[in-house]
Amino acid sequence: MIRRFKSLVAIMLVTALFASCAKTSESTTDISADTQDTIEEKEKVFIPAIGYYWAKEDGDSVYYFADKKLWKYDTVNASNEVVTENLIDPYDFAVYDGTIFTLENSGEEIHPIRLYIYDAYADQFDELMTFKNQVHEIIISDHYLIATTDSKDAYEIYDITAPDTPKIVDVNDIEIVKDTPVVSTDEYNENIIYQDKSILSINQLEADSIEVWGWNNNYAYASVTIQGDDKFYKINLKNTEEIINLADDTAKVAVFEDTILTKNKDGLVEIDLEK
């Protein structure tokens, strides 16, 4: 009788132990699942590999600075119009669904570079907000305004669904993903690389340095510096042996999917559509 009781107790202990292990395993699985769900919920926001201070794309429109004015080019109707001549002195600008933001120096001692918004009715730029850090660039991605700070790979992110009242977003909830460049320079800035091979090098042109300005489905745009003078080229990505010289007075290029803006040294801008 005593022996049978001991056996029964042993069975009960083993059963309880297995139940405890199963419960612990289940709890661990639940925690892992919860953690995984939390990671998966982090929203990805993409930013371009190359940006331009002087030209921005917004839907079917391209905005750009020229002749001390802000212009708007409609790529559908191929029409060009002046948005405003009442510029302050923008360090950078961005456009969200027709709303124009600029970075301006407010003249204040603490974080002087601030966000301004364009009031089309009054034809003026008004101070909108102060950043928490010193910033030097603003980027629009979806309904977010992303400000790059002086700290490497550090951002301030704002929800601008209501453009007049930006709402700061917890950077821990967002993953900033920089687009992978299709065309780039090598680590020594001596070659333009496309599909893992050099398509233009400083040795070909006896140049001092080389820079990528952008690309689309058809062409890559680049410049080289030769004895302090910049020369611009476009390279056919379908036939990389075809390298075309741009005008000698070219100073800047902005490349969007179907629209190419070329600014010359006098500040005039030419617009080409590549369909």
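**Figure 1. The largest pocket of the predicted model.** The largest pocket has a volume of about 900 Å³. A pocket is defined on a 1 Å grid over the protein atoms alone as an open set of points, where a 1.4 Å probe fits, with protein on both sides within 12 Å along at least five of seven lines. The volume is the space filled by probe spheres set on the points, with grid points joined across faces, edges and corners. This is a predicted model, in which local features need pLDDT of at least 70 and side-chain atom pairs count only at pLDDT 80 or more, while totals for chains, interfaces and linings use all residues. Residues are numbered from 1 along each chain as its sequence is written, and side-chain values use heavy atoms, with hydrogens and water left out.

**Figure 2. The lining of the largest pocket.** Lining residues have an atom within 4 Å of a point. The largest pocket is lined by 40 residues, and Ile47, Pro48, Ala49, Ile50 and Gly51 lie nearest its centre. Among the elements that give two or more residues to this lining are strand 1 (43-47), strand 10 (135-141) and strand 18 (209-215). Strands are DSSP runs (E, at least two residues), numbered from the N terminus. Strand 10 gives the most to the lining of the largest pocket, with six residues. By class, this lining has 20 nonpolar, 11 polar and nine charged residues. Ala, Val, Leu, Ile, Met, Phe, Trp, Tyr, Cys and Pro count as nonpolar, Asp, Glu, Lys and Arg as charged, and the others, Gly among them, as polar.

**Figure 3. The second largest pocket.** The second largest pocket has a volume of about 200 Å³. Its lining includes Tyr221, Lys234, Asp249 and Glu274. Strand 23 (259-264) and strand 24 (269-273) each supply at least two lining residues, and strand 23 gives the most, with three residues. The lining of the second largest pocket has four nonpolar, three polar and five charged residues.

Figure 4. Side chains of opposite charge can pair when their charged atoms come close. A salt bridge is a side-chain nitrogen of Lys or Arg within 4 Å of a carboxyl oxygen of Asp or Glu. The whole structure has five salt bridges. In one of them, aspartate 67 pairs with lysine 69, with the closest N and O atoms 2.8 Å apart. Aspartate 67 is exposed at 52% relative accessibility, whereas lysine 69 is buried at 16%. Buried means under 20% relative accessible area, exposed over 50%, and partly exposed in between (1.4 Å probe, protein chains only). Arginine 114 forms a salt bridge with glutamate 127, with the closest N and O atoms 3.2 Å apart. Arginine 114 lies in strand 8 (residues 113-119) and glutamate 127 in strand 9 (residues 124-129), so the pair ties together parts that are 13 residues apart in sequence.

**Figure 5. The salt bridge between lysine 265 and aspartate 229.** The side chains of lysine 265 and aspartate 229 meet in a salt bridge (3.5 Å, N to O). Lysine 265 lies in the loop between strand 23 and strand 24, and aspartate 229 in strand 20 (residues 229-236), so the pair ties together parts that are 36 residues apart in sequence. Salt bridges that share partners join Asp229, Lys231 and Lys265 into one network.

How values were computed:
Helices (H or I, at least four residues) and strands (E, at least two) are DSSP runs, numbered from the N terminus.
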